[in-house]
Amino acid sequence: MNEYNYDVVIAGAGPAGIAAALEAARSGAKTALIERYGCVGGNMTHGYVGPFMGGICGGTIGEEIEDAVCIRRGVCPDFEKAKIKLISMLDDADVDVFLQTSIIGVKKENETIKSITTFGKFGEIEFEADVFIDATGDGDLSVLSGAPWEMGRDGDSLVQPVTLMFVITGVDPNQKLMCCHEDHYTDLGDGREYLDLCHKACKNGDLPENVNIVRLYGTEHPTERMVNATQENFIDPLDPKSVYKAEVSLRRQIGKIVDFLKNNIPGFSDISIKGSASTLGVRESRRIIGRYILSENDLIEGKEFSDSVVHKAHFSLDIHNPEGPGQSVHEEKCPPSPKPYDIPFSAMCPLNNNNLITAGRCISGTHVAHSSYRVMRICMAMGQAAGAAASIMSKNKITTDKLDVSLVRRHLIDRGVQL
């Protein structure tokens, strides 16, 4: 078995993991980033997710990342350009990236992770480090390290539906139609309203039974739209058989959605599919239980914390209905938005571990709270905070329970983050 030694090892090269790796490496930590797929970026690349959602305080590394992969903020990334830009940023920061590599084991002494074992084409590799960051989205590293977790909503444990994002091309450049959310009223100019048309198509079978809104987002090209519409309910994103079932259904849904747009929307008659996600879009899976569990009340009240490392996070309580189309609570209305809130470092510290930090949608929170902080801008802010904390911990040879979080806050402020 090959062995490597690092100051900081990060699992998962999605938005949170990339932000963590850049911050740790730029702060002087010898950093490794482990990714199970063949390119970095997660939802920014092979997930075909855009535009960047959520709000956050100014000055975060996420702004740099977004500017690198988007021609302007508020539009979807050029996913192919993003693959080049992101790997270049990591290489320039001297991050060692291990692609097509999956975590299969953890060695611990008491509550300290000593090493993790991965497997890939090269065989097994053991990584030793002072600090580990779980940015896998599903909390894979945390589970292997013995951290407790929850999944789904109270009562029946159902999670939000999964989706496959795709991009269409061939839209008439004079057609400016966009539809970003459930309250986005759009007049088609011929006496019809777009969302009303979507709802009727869902009921009469012109759209899949769980699809009552076809969200359309702008890209860098006026003849293109990124489409967020496909939906499969009752899927366990941790079960490969369930994931395959979703993949089959969602691929079939794409064709029906394209036909609906072609046959009903002015300026869309000549559209075709330009590209689609190469992996399932999972909104929700494991939530790793930490020293603090972020609740929906914390978000609604806009709570601030003394150990805050993410400030002024804001996004709606966006729970896509686990049982059918629309939203979980407000089926045909835009979900409610909380006040800008903080994310405390204690919500990023899994129980039973003292040198492991979570970043991204797998941090410690309730099902409802998770629906807000799961989006990319907020996840990147968590990643930067995790990378900063990890670099300080490694430099001072301390654990999460001994870390003075004011040092992390000062580090981030010195970086320009407006905490």
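**Close-up 1. Helix α6 and the strands it lies across.** In this predicted model, helix α6, which spans residues 240–264, lies across β8, β9, β10 and β11 and runs at about 35° to β8. These four strands form an open sheet in the order β9-β10-β8-β11, with antiparallel pairing. The edge strands, each of which pairs on one side only, are β9 (215–218) and β11 (272–276). From one strand to the next, the twist averages 35°.

**Close-up 2. The pairing of strands β8 and β10.** Strand β8 (residues 166–169) pairs with strand β10 (residues 224–228) in the antiparallel sense, and the pairing extends over four bridges. Within this pairing, F166 stands opposite V227, a residue of β10.

Close-up 3. Although E35 is buried, it has no salt bridge, and the nearest side chain of opposite charge, that of R36, is 5.1 Å away. The side chain of E35 instead reaches the backbone nitrogen of Y37, at 2.9 Å. When residues up to four places away in sequence are not counted, E35 touches G12, A13, G14, H46, F98, L99, Q100 and T101.

Close-up 4. The side chains of R26 and E64 meet in a salt bridge, with an N to O distance of 2.8 Å. This pair links distant parts of the chain, since R26 belongs to helix α1 (residues 15–26) and E64 to helix α2, 38 residues apart. Both partners are partly exposed, R26 with a relative accessibility of 37% and E64 with a relative accessible area of 35%. A further salt bridge joins R73 to D67, whose closest N and O atoms are 2.9 Å apart.

**Close-up 5. A salt bridge between two buried residues.** D318 forms a salt bridge with R374, and the closest N and O atoms of the pair are 3.1 Å apart. D318 counts as buried at 10% relative accessibility, and R374 counts as buried at 15%. Elsewhere, salt bridges that share partners join E150, E284 and R287 into one network, and a search of the whole structure finds 21 salt bridges.

**Close-up 6. Two non-glycine residues with positive phi.** D94 has a positive phi of about 65° although it is not a glycine, and its place is in the loop between α3 (79–92) and β3 (96–98). With a relative accessible area of 61%, D94 is exposed. N110, likewise a residue other than glycine, has a positive phi near 55° and lies in the loop between β4 (101–109) and β5 (112–120). N110 counts as exposed, at 77% relative accessibility.

Definitions and conventions
Residues numbered from 1 in each chain as written. Predicted model: local features only at pLDDT ≥ 70, side-chain atom pairs only at ≥ 80, totals over all residues. Heavy atoms only, no water. Buried < 20%, exposed > 50% of the residue type's maximum accessible area, 1.4 Å probe, protein only. Lys, Arg positive; Asp, Glu negative; His and termini not counted. Salt bridge = Lys/Arg side-chain N within 4 Å of Asp/Glu carboxyl O. Polar contact = N/O pair within 3.5 Å; in protein donor to acceptor, adjacent residues only side chain to side chain. Contact = heavy atoms within 4.5 Å. Pairing = 2+ DSSP bridges. Axes fitted to C-alpha atoms, helices over the stretch in contact; angles between N-to-C directions.
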